[in-house]
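Please find below a short note for a colleague who is meeting this structure for the first time. The points are numbered so that each can be checked against the model in turn.

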Amino acid sequence: ILNVASVNGVVPGQLQGIYSITKAAVINMTKVFAKETAQFGIRCNALLPGLTDTKFASALTTNDAILKPALERIPLARAADPSEMAGTVLYLVSEASSYTTGAAINVDGGDTGVDAATPLVANAPVHGDSFTWHVDADPAVHQPWAPAEGRYANGSAGRPLLVSLLV
(Lines give C-alpha, C1' and ligand atoms only; values in the text may rest on other atoms or scores of the structure.)
Protein backbone atom coordinates (compact mmCIF):
# COMPACT_ATOMS: atom_id res chain seq x y z
CA ILE A 1 0.00 0.00 0.00
CA LEU A 2 1.37 3.40 -0.95
CA ASN A 3 -0.40 6.46 0.41
CA VAL A 4 0.29 9.97 -0.82
CA ALA A 5 0.37 12.56 1.96
CA SER A 6 2.46 15.75 1.99
CA VAL A 7 5.34 17.31 3.86
CA ASN A 8 2.63 19.54 5.33
CA GLY A 9 1.67 16.53 7.44
CA VAL A 10 5.04 16.84 9.17
CA VAL A 11 5.62 20.60 9.02
CA PRO A 12 2.26 22.41 8.75
CA GLY A 13 2.05 25.06 6.08
CA GLN A 14 1.06 28.60 7.01
CA LEU A 15 -2.62 29.21 6.21
CA GLN A 16 -2.92 25.52 5.28
CA GLY A 17 -4.22 24.21 8.60
CA ILE A 18 -6.96 21.85 7.46
CA TYR A 19 -4.82 20.52 4.59
CA SER A 20 -1.90 19.93 6.98
CA ILE A 21 -4.14 18.19 9.52
CA THR A 22 -5.54 15.80 6.91
CA LYS A 23 -2.05 14.96 5.61
CA ALA A 24 -0.86 14.27 9.16
CA ALA A 25 -3.81 11.89 9.48
CA VAL A 26 -2.74 10.06 6.29
CA ILE A 27 0.78 9.66 7.71
CA ASN A 28 -0.57 8.29 10.99
CA MET A 29 -2.97 6.00 9.14
CA THR A 30 0.00 4.69 7.12
CA LYS A 31 1.90 3.84 10.31
CA VAL A 32 -1.11 2.13 11.89
CA PHE A 33 -1.84 0.11 8.74
CA ALA A 34 1.83 -0.89 8.55
CA LYS A 35 1.63 -2.38 12.04
CA GLU A 36 -1.73 -4.05 11.44
CA THR A 37 -1.01 -5.53 8.00
CA ALA A 38 2.62 -6.62 8.42
CA GLN A 39 1.54 -10.02 9.75
CA PHE A 40 -0.10 -10.65 6.37
CA GLY A 41 3.01 -9.66 4.40
CA ILE A 42 1.51 -6.31 3.41
CA ARG A 43 3.74 -3.26 3.57
CA CYS A 44 2.28 0.23 3.92
CA ASN A 45 4.28 3.40 3.29
CA ALA A 46 3.65 7.02 2.39
CA LEU A 47 5.10 9.45 -0.13
CA LEU A 48 5.36 13.01 1.19
CA PRO A 49 5.85 15.38 -1.74
CA GLY A 50 6.96 18.93 -1.11
CA LEU A 51 6.14 21.85 -3.40
CA THR A 52 5.37 20.20 -6.74
CA ASP A 53 4.37 21.94 -9.96
CA THR A 54 0.87 20.49 -10.37
CA LYS A 55 -2.51 21.95 -11.23
CA PHE A 56 -3.48 21.55 -7.55
CA ALA A 57 -0.45 23.60 -6.43
CA SER A 58 -0.82 26.24 -9.13
CA ALA A 59 -2.23 28.70 -6.57
CA LEU A 60 1.22 28.54 -4.94
CA THR A 61 3.46 28.15 -7.98
CA THR A 62 1.88 30.94 -10.07
CA ASN A 63 1.83 33.57 -7.31
CA ASP A 64 5.28 35.18 -6.94
CA ALA A 65 4.40 36.57 -3.50
CA ILE A 66 3.95 32.99 -2.30
CA LEU A 67 6.44 31.20 -4.54
CA LYS A 68 9.50 33.37 -3.86
CA PRO A 69 9.62 32.81 -0.07
CA ALA A 70 8.86 29.11 -0.58
CA LEU A 71 11.78 28.68 -2.97
CA GLU A 72 14.09 30.54 -0.56
CA ARG A 73 13.26 27.89 2.05
CA ILE A 74 13.95 24.93 -0.28
CA PRO A 75 17.68 24.10 -0.60
CA LEU A 76 17.21 22.97 -4.23
CA ALA A 77 15.46 26.34 -4.83
CA ARG A 78 12.72 25.06 -7.14
CA ALA A 79 9.43 23.22 -7.22
CA ALA A 80 9.52 19.54 -8.14
CA ASP A 81 8.25 18.17 -11.39
CA PRO A 82 5.65 15.47 -10.71
CA SER A 83 7.89 12.94 -12.49
CA GLU A 84 10.48 13.42 -9.73
CA MET A 85 8.24 11.44 -7.37
CA ALA A 86 8.64 8.34 -9.55
CA GLY A 87 11.95 7.14 -8.08
CA THR A 88 10.59 7.06 -4.54
CA VAL A 89 7.35 5.46 -5.71
CA LEU A 90 9.32 2.82 -7.62
CA TYR A 91 11.39 2.05 -4.53
CA LEU A 92 8.36 1.80 -2.24
CA VAL A 93 6.38 -0.52 -4.53
CA SER A 94 9.34 -2.75 -5.43
CA GLU A 95 11.06 -5.59 -3.62
CA ALA A 96 13.97 -3.19 -2.98
CA SER A 97 11.85 -1.94 -0.06
CA SER A 98 10.94 -5.40 1.22
CA TYR A 99 11.94 -4.45 4.78
CA THR A 100 10.37 -0.99 4.65
CA THR A 101 6.94 -0.51 6.18
CA GLY A 102 5.44 2.38 8.10
CA ALA A 103 7.80 4.83 6.39
CA ALA A 104 6.82 8.34 5.37
CA ILE A 105 9.40 9.54 2.86
CA ASN A 106 9.83 13.24 2.16
CA VAL A 107 10.54 14.21 -1.45
CA ASP A 108 10.81 17.95 -1.01
CA GLY A 109 14.10 19.33 -2.31
CA GLY A 110 15.44 19.38 1.26
CA ASP A 111 12.74 21.68 2.63
CA THR A 112 11.87 19.69 5.75
CA GLY A 113 15.44 18.53 6.26
CA VAL A 114 16.67 22.03 6.99
CA ASP A 115 15.90 23.79 10.25
CA ALA A 116 15.33 27.51 9.75
CA ALA A 117 17.94 28.14 12.47
CA THR A 118 20.56 25.99 10.70
CA PRO A 119 22.46 27.77 7.93
CA LEU A 120 23.04 25.89 4.69
CA VAL A 121 26.81 25.51 4.57
CA ALA A 122 28.50 23.22 2.09
CA ASN A 123 30.88 20.72 3.69
CA ALA A 124 29.86 21.79 7.19
CA PRO A 125 31.20 19.47 9.89
CA VAL A 126 28.64 17.11 11.35
CA HIS A 127 28.71 15.33 14.69
CA GLY A 128 29.16 11.58 14.43
CA ASP A 129 30.56 9.27 11.80
CA SER A 130 29.18 9.01 8.31
CA PHE A 131 28.95 5.71 6.43
CA THR A 132 28.25 5.63 2.71
CA TRP A 133 27.03 2.81 0.47
CA HIS A 134 26.32 2.65 -3.21
CA VAL A 135 23.15 0.73 -3.98
CA ASP A 136 22.16 -0.26 -7.49
CA ALA A 137 18.55 -0.46 -8.60
CA ASP A 138 19.31 -4.07 -9.53
CA PRO A 139 19.45 -6.02 -6.24
CA ALA A 140 21.54 -8.71 -7.97
CA VAL A 141 24.43 -6.24 -8.16
CA HIS A 142 26.30 -6.49 -4.87
CA GLN A 143 29.73 -5.36 -5.94
CA PRO A 144 31.96 -2.55 -4.70
CA TRP A 145 31.53 0.57 -6.84
CA ALA A 146 34.67 1.76 -8.65
CA PRO A 147 33.94 5.49 -9.12
CA ALA A 148 37.07 6.22 -11.17
CA GLU A 149 36.06 3.56 -13.70
CA GLY A 150 32.33 4.33 -13.53
CA ARG A 151 31.50 0.66 -13.02
CA TYR A 152 31.18 -2.06 -10.41
CA ALA A 153 34.14 -4.26 -9.46
CA ASN A 154 32.63 -7.12 -11.50
CA GLY A 155 32.65 -4.89 -14.61
CA SER A 156 28.94 -4.17 -14.80
CA ALA A 157 28.00 -0.58 -15.49
CA GLY A 158 25.26 1.39 -13.87
CA ARG A 159 24.47 4.52 -11.95
CA PRO A 160 24.39 3.77 -8.24
CA LEU A 161 22.23 5.52 -5.72
CA LEU A 162 24.29 7.08 -2.95
CA VAL A 163 22.93 6.22 0.48
CA SER A 164 24.48 7.81 3.55
CA LEU A 165 23.81 7.09 7.19
CA LEU A 166 24.90 9.39 9.97
CA VAL A 167 25.30 7.65 13.31
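1. In this note a residue is called buried when its relative accessible area is under 20%, exposed when it is over 50%, and partly exposed in between, with a 1.4 Å probe and protein chains only as cover. By that rule Thr100 is buried, because its relative accessible area is 15%. Thr100 sits in the loop between helix H4 (86-93) and strand E3, and, leaving aside neighbours within four places in sequence, Thr100 is in contact (heavy atoms within 4.5 Å) with Arg43, Asn45, Tyr91 and Leu92.

2. The model is predicted, so local features need pLDDT of at least 70 and side-chain atom pairs count only at pLDDT 80 or more, whereas totals for chains, interfaces and linings use all residues. Residues are numbered from 1 along each chain as its sequence is written, and side-chain values use heavy atoms, with hydrogens and water left out.

3. As to the overall layout, the protein chain has four helices and seven strands, where helices (H or I, at least four residues) and strands (E, at least two) are DSSP runs numbered from the N terminus. Read from the N terminus, the elements follow the order β-α-β-α-α-α-β-β-β-β-β. Of the 167 residues in the protein chain, 25% are buried, and among contacts between residues at least 6 apart in sequence, 62% join residues at least 24 apart.

4. Which residues make up the largest nonpolar core? Its six residues are Ala5, Val7, Val26, Ile27, Ala46 and Leu48, a core being a set of buried Ala, Val, Leu, Ile, Met, Phe, Trp, Tyr and Cys residues joined through side-chain atoms within 4.5 Å. Helix H1 (17-37) and strand E2 (45-49) each supply at least two residues of this core. Ile27, with its neighbours within four places in sequence set aside, is in contact with Ala5, Ser6, Gly9, Val10, Leu48 and Ala104.

5. The protein chain exposes about 11300 Å², of which carbon and sulfur atoms supply 61%, the areas coming from the Shrake-Rupley method with a 1.4 Å probe and, for residues, with only the protein chains shown as cover. A nonpolar surface patch of about 530 Å² is made by Ile1, Met29, Val32, Phe33, Phe40 and Ile42. Patches are made of residues with over 30% relative accessible area and no salt bridge, like charges being joined within 9 Å and nonpolar side chains (Val, Leu, Ile, Met, Phe, Trp, Tyr) within 5 Å; a salt bridge is a side-chain nitrogen of Lys or Arg within 4 Å of a carboxyl oxygen of Asp or Glu. Ile1 lies in the segment before strand E1 (2-4) and counts as exposed because its relative accessible area is 51%.

6. The loop between E1 and H1 holds both Val11 and Leu15. Leu15 is exposed at 86%, and its phi is near 60°, a positive value in a residue other than glycine.

7. Two further loop residues may be looked at in turn. Ala77, in the loop between helix H3 (64-73) and H4, has a positive phi of about 55° although it is not a glycine. Is Asp111 buried or exposed? Asp111 is buried, because its relative accessible area is 14%, and it touches Arg73, Ile74 and Pro75, not counting residues up to four places away in sequence.
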